[in-house]
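These are my notebook entries on a structure that I had not examined before. I set down what I looked up, one topic at a time.

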Amino acid sequence: MEKLVIEGGVPLKGEVSISGAKNSAVAVIPATILVDGPCTIENIPDIKDVKVLIDILKNLGSEISCGGEGTITIDSKNIKSGVATYDMVKCLRGSYYLLGALLGRFKKAEVALPGGCDFGFRPIDQHIKGFEALGAKVEINHGIIKVEAEKLTGTQIYMDVVSVGATINIMLAAVKAEGVTTIENAAKEPHVVDVANFLNAMGANVKGAGADVIKIKGVPNLSGKAIHSIISDQIEAGTFMIAAAATKGDVTVKNIIPKHMESLSAKLIEMNVEVIEGGDWIRVKGTPDIRRANIKTLPYPGFPTDLQPPICVMLCLADGTSTITEGVWESRFQYVDELKRMGASIRVEGRMAVIEGVKKLTGAPVEALDLRAGAAMVVAGLVAEGRTEVYNTYYIKRGYEKLEEKLEALGARVKVVK
């Protein structure tokens, strides 16, 4: 067990380089199951979720080697089994991507229902709808999803709700299907585009990723022998931008795609923060007075749900009353009670949090209840007066690479205590 100890009140200053995107890596790694030969992936983040996925692929029969920091080569041609047990996937939400990849490869898959963070019910009905439309039969018994098809045939699929996971999973299952598959009302998130770019680099024919409609023309095989670099992590970048603004610091966030940050940048400017954009960097300069704001989380290009907990910390210190409306997950405000321990004034009404600005937060022992809630506790510790101890740091390690080292380089007083 570890805890993260933070002595707050220090403005963050300097430069920080953002790692590869967690949400992209946990989809691209399972996608290698579809490739007939070795493929090399660069800019892989050194995080717990990636390590778990690599172990799962090794257990399935993949050969994986490291080619230097952030680079791995995966050869899945010797995989014989389409079964991923509960012990393999119990702590990993992205394990459902194994379904689409194994179905596309073997025409059958058997994967335990995924684990991961608990912030509300996350149905997989859209995944199932897509698999069935392609010609598969789906059964769920004793916590195991079984998917099987004599053959997969391209078709037109309309997503009833925008779902990143279902969009990617259907793409994975469809790249080797016969004919053309059309996904309408598809998710537009940057990691959807990144997965499509990886598949195309390996020989797939995917067009339209990033738009409402994605078309996949099935191909007989994916040859591999190509190199793909994971995009930068939009959520890690946003977390550092918020931390810089909340601590009234001055931080340049490097190795990012500024367009991915537009919804956050606009809100920070609205909250009286100076935001300066470059080609692959954004500089954030905090100001003494934080203005109130109303935020609603939405699918991309809307405000990301994963940045909702960290931005809530900043709103706790704003002048006046702010609101956050959660438009993606129904139970994402579980962390609010932890912030109240630090002096925050927040009341939750269903999917809305009403935040009354306070003069300061004070350090306290708090828990990271999930990955992004953990990031919020870290931001709160950075801005709070005194000492904050963040427990359950294993959640944070699921999605942030070398967080303590990066914060220390910006001047934060943080340390990990066993």
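Predicted model: local features only at pLDDT ≥ 70, side-chain atom pairs only at ≥ 80, totals over all residues.

Is His142 buried or exposed? Its relative accessibility is 83%, so I record His142 as exposed. The phi of His142 is positive, at about 55 degrees, although the residue is not a glycine. Most residues other than glycine have a negative phi.

I then turned to Lys107, which also has a positive phi without being a glycine; the value is near 65 degrees. Lys107 sits in the loop between α4 (97-106) and β7 (108-112). I record Lys107 as partly exposed, because its relative accessibility is 23% and the buried class ends under 20%.

**Entry: a cis peptide bond**

I checked the bond that joins Tyr300 and Pro301 and found it to be cis, with omega at about 15 degrees. Most peptide bonds are trans. Pro301 belongs to the loop between β18 (294-296) and α10 (308-316).

**Entry: the protein as a whole**

How many helices and strands are there in the protein? I noted 14 helices and 24 strands. The radius of gyration is 21 Å, close to the 22 Å that the globule rule gives for 418 residues, so I describe the protein as being as compact as a globular protein of that length. Along the principal axes, the C-alpha trace spans about 65 × 45 × 45 Å.

I looked next at burial and surface. Of the 418 residues, 58% are buried. The protein exposes about 16,300 Å², and carbon and sulfur atoms supply 49% of that area.

For charge, I noted 49 positive and 50 negative side chains, with the centres of the two sets 1 Å apart. For contacts between residues at least 6 apart in sequence, I noted that 72% join residues at least 24 apart.

In soluble globular proteins, nonpolar side chains tend to be buried together.

Apart from residues up to four places away in sequence, Leu199 touches Ala31, Leu34, Met171, Leu172, Val175, Ala204 and Leu222.

**Entry: Arg372**

I looked up Arg372 and found this residue in helix α12 (residues 371-383). Is Arg372 buried or exposed? Arg372 counts as buried, because its relative accessibility is 3%. Leaving aside neighbours within four places in sequence, I listed the contacts of Arg372 as Lys22, Asn23, Ile235, Asp306, Pro309, Pro310, Arg332 and Tyr400.

I found Ser163 in the loop between β10 (156-158) and α6. Ser163 is buried, with a relative accessible area of 15%. Beyond residues up to four places away in sequence, Ser163 touches His127 and Ala187. Ser163 and Val328 are 165 residues apart in sequence, and I noted 9.8 Å between their C-alpha atoms.

Tyr96 lies in the loop between α3 (86-89) and α4. I record Tyr96 as buried, with a relative accessible area of 11%. Tyr96 and Ala318 are 222 residues apart in sequence and 39 Å apart in space, C-alpha to C-alpha.

**Entry: Glu69**

Where is Glu69 placed? I found Glu69 in the loop between β4 (63-66) and β5 (72-75). Glu69 is exposed, with a relative accessible area of 71%. The C-alpha atoms of Glu69 and Asp46 are 8.8 Å apart, while the two residues are separated by 23 places in sequence.

Methods
Residues numbered from 1 in each chain as written. Heavy atoms only, no water. Contact = heavy atoms within 4.5 Å. Helix = DSSP H or I, 4+ residues; strand = E, 2+ residues; numbered from the N terminus. Buried < 20%, exposed > 50% of the residue type's maximum accessible area, 1.4 Å probe, protein only. Rg over C-alpha atoms; globule rule 2.2 N^0.38 Å. Areas by Shrake-Rupley, 256 points an atom, 1.4 Å probe, with all protein chains shown as cover. Lys, Arg positive; Asp, Glu negative; His and termini not counted. Charge placed at Lys NZ, Arg CZ, Asp CG, Glu CD.
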